[in-house]
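Trainee: I am new to this structure and would like to go through its architecture in order. May we begin once it is in view?

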Amino acid sequence: MNTPITILLIDDDRNYHILIRNLLMRSRLQFQLRTVATFVEGLEAIMDPAVDISLVDYRMGDRTGVEILRHAIQHGIHTPIILLTGYGDHEIDMEAMAAGASDYLYKGNLDDRILERAIRYALERKRLSDELRQSEERLRTVVASAPIILCSVDVNGIITLFEGHSVGKLGIDPGLVVGARVEDFLAYVPKLVSATSRALAGETFTEIVRFSDVVIDCRFSPSLNAAGEIVGMVGVATDITERIRQEDALRRSRLELKEERDFISSVLDTVGALVLVFDHDMNIVRFNRACEDISGYSFEEVAGRNVIDLLVPPDEAESLTRDFSGLEHGEIQRTRENHWLTRTGERKLIRWTNSALYDSDGSVAFGIGTGIDITAQRAAEQGLRDSERMFQTFMNNSPVITYLKDGEGRYTFANREFCRLFDLRLEDVIGRTDYELFPSEVAEGLVAADAEVHAGGGTITRIDSTDYNGQIHHWITIRFPVVNAVGEMMVGGKSIDITARILAEESLRKSEERFQLATRATNDAIWDWDLQSNTLWWNDSVQKLFGYEPDEVAPDLKWWQVRLHPDDRERVESGLHAAIAEKRQFWDDEYRFLRGDGAWAYVLDRGYLIFDKEEKPVRVIGAMTDLTQRKEMEDALRASEERYRHIVETANEGIWLVDPNARVSFVNARMAEMLGYSVAEMTGCSIYDFIAPEWKGVGREHHAKRLIGVQEQYDFQFVRSDGTRVWAIISAGPVYDGSGAFAGSLAMITDITERKNAENALREAHDKLEMRVAERTAEIVEMMSHLEQVHLNQRRFVADASHDLRTPLTVLRAELDQLLGHAGLDQRTRSALLRIANESRRMEHLAADLLLLATLDAQQKVITSNRVWLDGLLIDSVAQLTMIAMEKNISWDVQIEEPVEVLCDLTMLERALTNVLENAIKYSAGPSAVEVRLARSDGAAVIAVRDHGVGIPAGDLPYVFDRFFRGDLTRGTPGTGLGLPIVKAVVEAHHGIVSLTSEVGVGTTVTVVLPVAAAD
């Protein structure tokens, strides 16, 4: 109870005014006490709505406080009223409670704990009753007007609620849903069936579910009863289809801009100072490496976020926003200092130099700030100021009176408690002496005590009693010498007011005499436990409260112990015995107590320990209050609040309730966050406080529609607390009270600012891309035309050159064969001719390869559709190369799963297979085996040739099918670099596919896939 409460005391005995004030001051309550001394004044004062609780004396001359109580209730005042009396009469008790009193207290039994407890429980009962009613009303309003989908399912999986303005988008009739089982009605959406089971098992989670073209964001959570048992589940769904589409579009746009940003960021990262680039709304555009190091955030985490919201402390946000409000017009605060809040919550002080960045047309595009960290420099300056402030704060918050006087007895320091107690202002105390502040007789005693400290030079402790303003105060005072910087002795003092304790001790001695009368003046069950005889006495209220007959109540502790709830017994007994063992004056606890009818009552039990002269506990006197009704109200309120909280807290949209005068009566946390305020800051304000001037007229038109019952959805623009704009979709409708009168309007609000920004960004990006595509298309068309002509000339040259080379090579080989057949050649000449013959054959082979490739490139060769058994062709090719393989000590491992027939040009396909097999032999070292496999797979013939040779480096693999390419590991082996390109050209001419895998030192595998010939 942190807010002060206003307490009205109506009593014709002014002495009780003083008593009640003293009791309240000793309590933990924060209060303002108003007192009234006559019946007529009481009738008027109790009608004041500013009063939080009233204490009314039963006897007011020849009138009674019950009459005042009835007068207040008849006039609609429901402020809690506690009746006070000096009589111990059961009939008065019954009369007060029947008239509507919150409690009934006997003056003779009052102490600060009893009075505080009675006031707290009276206010708590009133609060619970009011909140329960308001909670139920809010729940009905939200459920009736919310444009979302609400669903509830009981513990058996039966749908009990399925409604909301968005149900129609799903193509579902709510009338067919309620009463159906989830797994039956929604079987075509397995995610919803699974989510229901998880929620009924106690799990709370969020799930994205797609209904055809509609995407919804669902929040599922279990419903619990007062005992914490799961009785069903609640689901809240929101249509996020448009948001998903916009997020995808925005993501594509951002990828196109990333390359440009990366370049600029690399430049900024080389700068040692902090460099921050921001747009007109203070959203982060660039964030260099120095900024990342200081803040603890990466650029990816802060890009696009508002620098003030993310990094600037709230207490500096308004000033910073004001200084940069003119950025769009080039008006900017050139130099300033402000703090940054790092990821870990640490404050860093930065000195900034700021300037505006202009675009080509002279408009301000961005703001840029360069800064340096001056935190350490300022920390030293702040340390000294903080130390002084901490001392002042500590002293001013101490409940002990603290002061310091100089050598002349003038006050140089006095804390807040000193000023409060003596009703003085600090400026009236400093520099004054005791004679100037207090009556002379009081001042003389204080000055004499100070003189003792000066004379003895040591600490003096004593108990003083003073009469100040007509009241006797008792103190424990400690005075001690203090030597200042120039060696002057000063006197410091600390005083603790023990007046309340002494009065309490006196009151305790008198309370025993009034005990018997007090037990008859309360609704509580009063008990008296004699610790020496271990007997327990109860007053008659225990029978009335808990339904026992007189002969059923036994005078021993066991009768009470066995009626404690088993789950509470050990805790309660341990607590009571601990209070006795530790000699605590008071004990209290809440527990369940067995009634005479077998039901359990919730009780508050309070005990007061009485000690003998040796401070040994001899008795415990207590009172039990029945709290069952309050517990039931708390359970009902908790259940209501839980339902309301499920709906409001799980909603992804802002919820806004406005009264008929267009003032905010309720917003949820999401709505407040959306506009940059707290819920408390928005509540009670006009809705036009959050609308831009140019939109206020539109806002009034829409609010006027609510007055005539119009419900609608529209786009709107708000202003955040930092001045930035928020685009939103509003679904609003009128709200009516229980009598059907217009009570305001309810709106569900979705932030679409990102969508609007994305649309603008996409539009600009689209225009730029269209221009770039047109330019690139023209360049590509021109380049392709040129390349086509070059390629055509190249094919013609290769074909002509290959054809023209074959004739002279043939003649050369014939002449060489004739020369080699001559018997008179010497060995040297014969060796030279053999080398020439080998090179001519190699050139002839190269010319044939080039001619074949040129023919395939020019598409001049028509592939003859011969039906060929591929297994036979493969075996023939292996056989032709067997002698070459044997020379290198290489064997064949041929496996054919089944015969396969293909349509092909026999000569070309044989040439391609021979090239693959020759390569396997060429690049293998014996002894080893070349594995050849033929299989059928998915209507295709698959040939795999694997060797265990040198292999091909990973860096060369992308180029093995390029013409004339030869890797580093193959340069020592004879070849033209056209073998694999011919294989690829022939296979693709047969509508097939060729691929190659290899690992250095392990070997190479070439795979050829050809279509199988259709059956005749």
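Trainee: How many helices and strands does the secondary structure of the chain come to?

Mentor: This is a predicted model, in which local features need pLDDT of at least 70 and side-chain atom pairs count only at pLDDT 80 or more, while totals for chains, interfaces and linings use all residues. Residues are numbered from 1 along each chain as its sequence is written, and side-chain values use heavy atoms, without hydrogens and water. Helices (H or I, at least four residues) and strands (E, at least two) are DSSP runs numbered from the N terminus. Counted in this way, the chain has 33 helices and 39 strands.

Trainee: Which strands stand at the edges of the open sheet of five strands, and why is one side of each left without a neighbour?

Mentor: Strands pair if DSSP finds at least two bridges between them. The pairing in this sheet is parallel, in the order E2-E1-E3-E6-E7. Each edge strand has a single partner strand, so one side of it has no neighbour in the sheet; these strands are E2 (31-36) and E7 (103-106).

Trainee: How many bridges join strand E3 to strand E6?

Mentor: Strand E3 covers residues 53-57 and strand E6 residues 81-85, and the two run parallel. Within this pair, Ser-54 stands opposite Ile-81 in E6. The number of bridges joining E3 to E6 is four.

Trainee: What share of the residues in the chain is buried?

Mentor: Buried means under 20% relative accessible area, with a 1.4 Å probe and protein chains only. The chain has 1016 residues, and the buried share is 42%.

Terms used. Buried < 20%, exposed > 50% of the residue type's maximum accessible area, 1.4 Å probe, protein only.
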